[in-house]
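Student: Before we discuss any voids, could you put the sequence and the model on the screen, please?

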Amino acid sequence: MLNLIKLELRKGHLKGYAWGSVLAYGIIAGFLALIYFTEGPISEEPIFASYPDMLEMIDVLVRATFIIYGAALLSKLVISEFRDKTMGLLFAYPVSRKKLMYAKLSIVFIWTFTNVVIANVLVGTIFLIINENMGYVDDQWSNSLLYEHGLTILMQAIGAAGISLLPLLFGMRKKSVVATIVSAVLIVMLVASNNMGFTLSSIIAIPLSLSAIGVLLAFWSFRDIDKVDVG
């Protein structure tokens, strides 16, 4: 399986996606900086009322971004290859079709998980340092806060990674890249939308449950792939 993942990474030319991730980090940081420097000095009720609020907003934006990004990667590795009928060429090789598909799904899962963790750490660290110097958020961070937030990031990253596989169910119906991306956007709107400070994803059981469902359904979708004619 590991060798198949390595082969897929080489074949997929994913270097552009890696640079895209770096660009996404910058866009997230820039958007949050705009809010921070606009709201911080003048607002009586700033969006960032405390460090937990700041870190939570960073986490929500990061997960929303990379769930959709994961769906885009899923489209490239799976949906488009079925749509363009290049998957049949891959299946001509003496490799288990099931293992090949599972390798592709594993790449999307690991990619999303890794980016959610890295983006949270990078952007979160940047804003902790900025606020230490600017002081717009009147709060004190502690090691216990960072430890608890670190655990939250890991669990939410697992949730986001599994959720990024859910759009596969919609995209595979008509082998549609558009349906895959749109369904990812709708899922993000449902899970990450903020209603008076509350999001469904703030109840950690919900993203973890959706993650488990996403993984199980994605792998279940290809359970009979060795017997199916993909022509």
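**Cavities and their lining**

Tutor: There are two cavities of 30 Å³ or more in the structure, a cavity being a set of points, on a 1 Å grid over the protein atoms alone, where a 1.4 Å probe fits but cannot get out. This is a predicted model, in which local features need pLDDT of at least 70, side-chain atom pairs count only at pLDDT 80 or more, and totals for chains, interfaces and linings use all residues. Residues are numbered from 1 along each chain as its sequence is written, and side-chain values use heavy atoms, without hydrogens and water.

Student: What volume has the largest cavity?

Tutor: Grid points are joined across faces, edges and corners, and the volume is the space filled by probe spheres set on the points. For the largest cavity, this volume is about 60 Å³.

Student: Which helix gives the most to the lining of the largest cavity?

Tutor: Lining residues have an atom within 4 Å of a point, and among those of the largest cavity are R63, Q156, V188 and P207. Helices are DSSP runs (H or I, at least four residues) numbered from the N terminus, and α3 (51-83), α6 (143-163) and α8 (177-192) each supply at least two lining residues. With four residues, the one that gives the most is α6.

Student: How much of the chain counts as buried?

Tutor: Buried means under 20% relative accessible area, with a 1.4 Å probe and protein chains only. Of the 231 residues of the chain, the buried share is 43%.

Methods: 1 Å grid on protein atoms, 1.4 Å probe; cavity = no way out; pocket = protein on both sides within 12 Å on 5 of 7 lines; lining within 4 Å. Buried < 20%, exposed > 50% of the residue type's maximum accessible area, 1.4 Å probe, protein only.
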